[in-house]
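Please look over the sequence and the model before reading on.

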Amino acid sequence: MAGHAVNPVKELTFPHLGPMSDMLLHLKPEQVEIGMFVDAFDGRWIDHPFWRSRFLVETAEQLALIRESGVIAVIVDRSRSQMVPGTGDEAFGEDRRKAVGGMSPPYRGVERRRARIFAPPPRERPVRPATYAQERRRAARVIDKSRGAVIDLFESARLGRAVDGGKIAPLAEAIGDSITRHSRVLINMVRLKQKDEYTYLHSVAVCALMINFARHLKLDEAEIQALGVAGLLHDVGKVAIADDVLLKPGKLTLRERSSVEGHPRAGHALLAQSPDIPAAALEVCMRHHEKMDGSGYPDGLGDGELSLYARMGAICDVYDAVTSDRPYKAAWTPCEALTAMQSWTGHFDPQLLDRFADSLGIFPVGTLVTLSGGMLGIVTGSAGESGEAIAVRVFFSCDLLAECSPFDCEIAPTMREPRILGRASQKFWRFDDWPATVARVLAAQPEADAAP
Ligand SMILES: [Fe+2]
């Protein structure tokens, strides 16, 4: 690193990042080293190969990916780096601690923060897995408590009081713990909310979906926690909308529409008054109604301008909205919701939407999936009383590398056999004309009462 030109560009700003601070360095990809904490990439999010843009560079593989990524620049946070970019400090371990003590004046103020980074990581709280039945009661208590807290939060926001981030974080933690014990229970329970509970339980549902999604993307624990808080707070700006407009079943007037479209900005302004709200929550609050094609609100930002958090927030928010019973629309099943969302070109990041479906273990109609027992099937819809089971037409044996007589089965999330192991690659299995294969298999007469 010694000898590299370092440019602490204070004047540089990014629409989604805000102004640069003294702690942020703007480096070329080839200047990045192991031990630096990447705060952001300058360029389109889609151009870099990481699901998250904030992480510590720890391996040669990560370093190679950054250097080959083609991004314009990398924003490195000095205060979270384990080496001090620009000071010639390439030392680790004991030497690194000495280097921290000898930081140049601009960095002395962050010694305490850095000391936390060099301290051993806090011990993880043990959270034991639970069965579906065991977790139901605990999840019900978590949902109950969260509903009450969100009602209080919205009430105090309505009175113009600042949001207390210290009260919100433990809720996100409790929801995260429930998902750790069993990844499906709380998400399923909160989806089946009553119409009149939507306003408050939507925040709880989006929190749970964000945490589950962030874990699936392997984001770090601090980010996962911050995204849980973001889920709870993303719609707090709705307190500025009159109830009759919020619940109006018909078409909105121009004025009503403008009031609704003001809620991200109103929420962001409210959250910005509190010092302990994570940046991810401000971002998701402001951007969860933006769309990839630039047709969303409040600013009509597009593909290259929307962060990972904004894209995740948009997906989780809409998924919960369409799978909930509303005054003007019956709930869609998870499978119907994902199928519809996949068809809305320009709304969501399509790759990220696939990962979201994977995180829930639910797939849109037409998805090729691998089943336990070495078979491939095509998702044909949802099944079961609450729409949690997936209907699959099984048609291909992976062992024989050949199609078999197709048959249908319904796979509930609690079933041991058959299970859906995950999405399969059409390319890997050589289905060169996938739409034609789907049409042919679905048009065939299935065998009756068959099982894989
Ligand atoms: Fe919203």
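## Overall make-up

What percentage of the residues in the chain is buried? Of the 452 residues, 38% are buried. The model is a predicted one.

In secondary structure, the chain comprises 17 helices and 11 strands.

## Confidence along the chain

The mean pLDDT of the chain is 81, and 82% of the residues reach a score of at least 70. Among the elements, helix H14, spanning residues 308-322, has the highest mean pLDDT, 97. The lowest, 30, belongs to helix H3, at residues 105-108.

Residues 1-20 have a pLDDT below 50, and the model gives this stretch 26 contacts beyond near neighbours in sequence. Residues 87-123 also stay under 50 in pLDDT; here the model has 31 contacts beyond four places in sequence. Where pLDDT is low, predicted coordinates should not be read in detail.

## The surroundings of Leu27

Leu27 belongs to strand S3, which covers residues 24-27. Is Leu27 buried or exposed? Leu27 is classed as buried because 23 C-beta neighbours lie inside 10 Å, and the cut-off for a buried residue is 20 or more.

Leaving aside residues up to four places away in sequence, Leu27 is in contact with Val32, Ala73, Val74 and Val76. Asp42 is 15 residues from Leu27 along the chain, and the C-alpha atoms of the two are 9.6 Å apart.

Definitions and conventions:
Residues numbered from 1 in each chain as written. Predicted model: local features only at pLDDT ≥ 70, side-chain atom pairs only at ≥ 80, totals over all residues. pLDDT = per-residue confidence, 0-100. Helix = DSSP H or I, 4+ residues; strand = E, 2+ residues; numbered from the N terminus. Contact = placed C-beta atoms within 7 Å. Buried ≥ 20, exposed ≤ 12 C-beta atoms within 10 Å, placed from the backbone.
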